[in-house]
Amino acid sequence: MPAEPHPITGQLFDSPVPPGTGWPGDPATPMTPVARTAADVARFAARASTLHDVDAMSSVCRACPRLVAWREAVAAGGRRASFADQPYWGRPGPSFGDPAATRLIVGLAPAANGTNRTGRMFTGDRSGDWLYAALYRTGYANQPTSVAAGDGMVLTGIRMVASVRCAPPENRPAPAELATCGQWLDRDLALTAASSTGLDGILALGGVGWNAALAAARRLGWTVPRPKPAFGHGAEVQLGLPDGGAVRLLGCYHVSPHNTSTRRLTEQMLDAALRRL
């Protein structure tokens with residue numbers, strides 16, 4: 001497939017996008033090490049000393065063969081017709097937001113024609129439209145829409161990560177894929193909590209995000225109440241840090257088209273969850 005122009009910059013890119021070729025916000029370079037097994041992920045995540053390192057290495061990860069095959073097949077030829085003339089990122093989605101954030105949003109996974117196309121978390125699909133509008137209304141975002149990397153979107157005080165960073169078939173990652181990618185999430189949470197600004201709160205979108213955050217907290221040695229706290233919209237639990245501090249974990253229904261179209265999740269509910277964070 002011939003290279004196509006980026007919708008913001010006009011630069012030509014292959015699909016999937018090779019690292020270090022100029023895509024806006026690409027954290028990787030051609031020299032970024034590529035994890036090809038779960039053991040590689042564990043080793044590379046452990047040696048990541050900054051959040052940028054985590055983003056760079058996770059954005060070129062190839063440890064889950066099923067996810068690699070799916071994300072690249074969509075990027076190469078399984079696109080939505082309305083985006084057929086655009087290049088597709090076709091790689092794992094790095095985190096997005098304020099590198100000094102004290103609050104995190106933990107979602108499920110990139111959408112095949114959303115983050116898998118744009119390279120930015122929660123960007124280019126209806127879920128992202130809802131979330132960024134809410135972030136703007138609650139003062140975290142500088143503009144109400146996020147359409148593509150390079151469009152000027154800036155988040156302040158908050159950052160977004162995914163439980164699984166590759167687009168999964170039918171939006172359903174397998175348990176082994178959640179476990180492998182969870183090692184990137186572990187390092188992300190550990191570095192954020194240990195930063196000079198610290199980590200105050202995590203907003204988990206949906207049960208998968210909730211379970212991923214709890215699992216990461218346990219692996220990191222944080223104190224998690226038992227029995228396991230149940231997910232629910234508005235649920236809140238305190239996670240104890242080894243230094244005696246605490247992180248609040250809040251539950252929120254996912255911003256999926258099903259939840260928002262049926263009004264299981266309303267704008268008011270989403271705004272209230274973000275303000276509590």
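Reply: In this predicted model, E170 lies in the loop between β5 and α6 (175–194). Is E170 buried or exposed? E170 has a relative accessibility of 66%, so it counts as exposed; the cut-off for that word is over 50%. The backbone of E170 deserves a look too. Its phi is near 55 degrees, a positive value in a residue that is not glycine.

R263 is found in the loop between α8 and α9 (267–276). At 57% relative accessibility, R263 counts as exposed because the cut-off is over 50%.

Now go back to β5, on one side of the E170 loop. Where does β5 stand in the sheet? Six strands form an open sheet, in the order β3-β5-β4-β6-β8-β7. Read along that order and you find β5 between β3 and β4. The pairing in the sheet is mixed. The edges are β3 (96–97) and β7 (236–240). Each edge strand has a single partner, so one side of each is left without a neighbour in the sheet.

A helix lies against this sheet. Helix α5 (residues 126–137) packs on it and touches β3, β4, β5 (158–162) and β6. The direction of α5 makes about 160 degrees with that of β5.

Next, follow β6, which stands between β4 and β8 in the order. On one side, four bridges join β4 (residues 103–107) to β6 (residues 201–205). Those two strands run parallel. R103 stands opposite G201 in β6. The bridge partner of V106 in β6 is A204.

How covered is β6? Five of its five residues are buried. G201, L203 and L205 point one way, while I202 and A204 point the other way. Residues on both faces of β6 are buried.

The record has something to say about this region. An unreviewed UniProt entry annotates residues 94–274 as "domain: Uracil-DNA glycosylase-like". In the model, this span is 35% helix and 16% strand.

Aromatic rings come next. A pair of aromatic rings is described by the distance of the centres and the angle of the planes. A search of the whole structure finds four aromatic pairs. One of them is W23 with W89: the ring centres are 5.9 Å apart and the planes stand at 50 degrees, so the pair is tilted. W23 lies in the loop between β2 and α1, and W89 in the loop between α3 (65–76) and β3. The pair therefore ties together parts that are 66 residues apart in sequence. W23 is buried, with a relative accessible area of 5%, and W89 is buried at 1%.

F231 and Y253 form an edge-to-face pair, 6.3 Å centre to centre with 65 degrees between the planes. F231 lies in the loop between α7 (206–219) and β7. Y253 lies in the loop between β8 (246–252) and α8 (257–261), so the pair ties together parts that are 22 residues apart in sequence. F231 is partly exposed, with a relative accessible area of 29%. The loop between α7 and β7 also holds P227. A cis peptide bond joins R226 and P227, with omega about 0 degrees.

Ring pairs also link F13, W23 and W89 into a cluster.

Finish in the loop between β2 and α1, where P16 is found. A cis peptide bond joins S15 and P16, with omega about -5 degrees. T32 is in the loop between β2 (12–13) and α1 (38–47) too. T32 is buried, with a relative accessible area of 12%. What does the side chain of T32 reach? It reaches the backbone nitrogen of T29, at 2.9 Å. Leaving aside residues up to four places away in sequence, T32 touches A56, M57 and V60.

Terms used. Residues are numbered from 1 along each chain as its sequence is written. This is a predicted model: local features need pLDDT of at least 70, side-chain atom pairs count only at pLDDT 80 or more; totals for chains, interfaces and linings use all residues. Side-chain values use heavy atoms; hydrogens and water are left out. Buried means under 20% relative accessible area, exposed over 50%, partly exposed in between (1.4 Å probe, protein chains only). A polar contact is a pair of N or O atoms within 3.5 Å; within protein, one must be able to donate a hydrogen and the other to accept it, and residues adjacent in sequence count only if both atoms are side-chain atoms. Contact means heavy atoms within 4.5 Å. UniProt positions are given in the numbering used here, feature names are shortened, and annotations may be inferred rather than shown by experiment. Two strands pair if DSSP finds at least two bridges between them. Axes are lines fitted to C-alpha atoms, for helices over the stretch in contact, and angles run from 0 to 180 degrees between N-to-C directions. Rings of Phe, Tyr and Trp (its six-membered ring) pair if their centres lie within 6.5 Å; planes under 30 degrees apart count as stacked, over 60 as edge-to-face and the rest as tilted.
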